[in-house]
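Colleague: Can you put the model up? I have a few things to ask about it.

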Amino acid sequence: MHPISKLIREPVIVFAGDGRVTDMNRPARARFGGGAESWREVFADLHGLQNLLERASGSADPVLGALRLAGAVPAEPDAKVEALALRQGQEISYAVKLRDIVGDQFPALTAQVRELNAEIHVRRRVQAELEESLAHNKVLYRELQHRVKNHLQMILALVSSAGRESEDPGRKQFVKMLQSKLSALFDAQRLMYSEESSHGLRVDQMLSALAETVQSLAGVRIAIQVRAEPVIAPNDLAFPLALIANELLTNAVKYAAGEGAAVSLDFVCSGDQAVMTVRDNGPGFAPTASGPTSSGLGLVRGLCRQIGGHLVIQSDGGAVAVVSFPLTEASHAPS
Amino acid sequence: MSLDHLDIDLERDMFLRTLLRELSGALQDVVGLEEASGYISVVGAAVGKALDEKYRAALAVDRLSAEQVAQVLVDLKQRIKGDFYIVEQREDRIVFASNSCPFGEFVAGRPALCMMTSNVFGHVTGENLGYARVQIDKAIARGDPGCHVTVYLTPKEGGGEAREYFRRVRPELADR
């Protein structure tokens with residue numbers, strides 16, 4: 001090759017008209033190996049190379065193009081090239097320069113980059129497999145939620161049926177209590193199934209649904225006002241919270257005063273703490289109360305312990321139940 | 001509400017010329033004039049090849065003669081409103097001139113677009129007569145009042161700024 005080629009840092013390969021490699025500069029030898037004999041060892045695209053060389057043959061100036069390099073991985077873009085026809089009488093040979101590919105001056109670094117590229121390739125494949133597996137699991141999880149919802153609905157129907165068939169007032173009351181608790185679980189489960197997220201559900205939607213259910217099960221016209229922030233609660237918080245809210249609302253509806261009976265539920269968040277307040281305008285709370293109500297409060301206290309919260313009950317123009325509990329990292333406002 | 005009555009200087013030709021001006025301007029700004037000229041040469045050579053094939057088919061000849069080449073180059077420029085005419089035709093050269101560019105005022109400051117003319121002229125001439133050396137002596141794109149293009153038909157050592165074109169050869173690469 002002409003000595004002036006030593007000034008060119010990009011790989012330059014000279015091809016004869018039949019595609020034989022007749023010469024290479026040093027960067028080209030470093031890249032393709034000194035023993036490369038055919039265009040096949042440099043480029044992967046016969047027609048692309050033929051077109052480029054044909055265009056070069058029509059001009060005395062270099063022509064631009066892009067060609068796939070031999071051994072290029074699928075993600076690798078085509079190499080930018082310049083081709084120049086070299087005329088000696090009737091004979092034409094072609095010099096092709098790989099643009100923007102500087103000869104390998106840092107072989108150790110290049111080797112490391114290649115290793116990293118290979119690792120990235122493997123990781124991408126693994127990631128693709130994991131994503132596929134995750135998608136499959138999501139389908140299974142959704143199917144599971146769907147079945148749980150259906151089973152809960154079925155249990156609820158059986159319990160309701162048992163209540164209707166019984167003449168015993170004690171049993172009827174027990175069934176009603178059971179129905180109320182199951183309804184709370186069913187509401188939470190139904191919302192979870194309808195939500196796109198498999199990690200949790202919207203507290204405001206869940207509390208509104210619960211309020212409607214409690215209202216309909218109470219069998220009396222009573223206004224329940226729900227004011228809740230749109231926080232997403234993870235599943236392990238949502239279900240106990242649903243049962244607590246159900247219990248407090250049921251009590252509030254039960255004891256709210258006659259004609260102007262009113263019940264409210266407020267759910268507010270401040271930092272990593274949440275406070276749920278259920279208020280009615282009934283006679284207020286009697287600390288010594290016993291019976292079903294106190295057993296309900298026992299359940300609420302137990303569930304409060306489960307979610308790391310505590311319950312305060314006071315009388316203030318009616319009964320006021322305040323449940324405070326920490327929000328986990330998974331709880332957040334929906335986007 | 002129809003906006004047909006608005007006096008907006010916009011139709012397909014105007015839009016395409018604007019597009020070409022901005023495209024060539026972007027090329028010049030991004031990769032520089034020399035490399036932009038290289039890219040436009042690729043387009044010019046392809047356009048030249050297509051036009052050459054059209055004229056040869058229309059004239060039903062295998063190769064155009066020197067006279068036909070001159071007529072074809074003038075004709076194709078006139079068809080695209082380039083207003084080129086032959087100033088001089090000799091054994092070794094054809095000289096063309098024009099007072100208007102096919103790209104109109106959109107060519108100002110876009111000398112890379114002159115590679116379209118150089119390549120189309122060079123390709124048609126080289127392909128039919130075997131050799132062409134195209135020299136753009138004056139160009140509206142460079143601020144001259146008109147264009148002046150000389151197509152030399154014989155090789156000459158040290159061709160200066162002119163670009164040389166040859167009849168293309170498709171190499172038969174061994175598929176091994």
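Colleague: Where is A:R40 found in chain A?
Modeller: This is a predicted model, to begin with. A:R40 sits in the loop between helix 1 (26–32) and helix 2 of chain A.

Colleague: And why is A:R40 classed as partly exposed?
Modeller: Because 17 other C-beta atoms lie within 10 Å of A:R40, and partly exposed covers counts between the 12 or fewer of an exposed residue and the 20 or more of a buried one.

Colleague: How far apart in space are A:R40 and A:L69?
Modeller: Their C-alpha atoms are 9.1 Å apart, with a separation of 29 residues in sequence.

Colleague: Now helix 5 of chain A. What span should its 16 residues have?
Modeller: At 1.5 Å a residue, helix 5 (residues 203–218) should span 22 Å, and its end C-alpha atoms are 22 Å apart, so the two agree.

Colleague: What do the buried residues of helix 5 of chain A pack against?
Modeller: Several elements of chain A, including helix 4 (169–194), helix 6 (235–255) and strand 9 (262–270). Among the buried residues of helix 5 are A:V203, A:M206, A:L207 and A:V214.

Colleague: And what follows helix 5 of chain A?
Modeller: A:G219, which has a positive phi, near 75°.

Conventions: Residues numbered from 1 in each chain as written. Chains lettered and ligands numbered in written order. Predicted model: local features only at pLDDT ≥ 70, side-chain atom pairs only at ≥ 80, totals over all residues. Helix = DSSP H or I, 4+ residues; strand = E, 2+ residues; numbered from the N terminus. Expected span 1.5 Å × (residues − 1). Contact = placed C-beta atoms within 7 Å.
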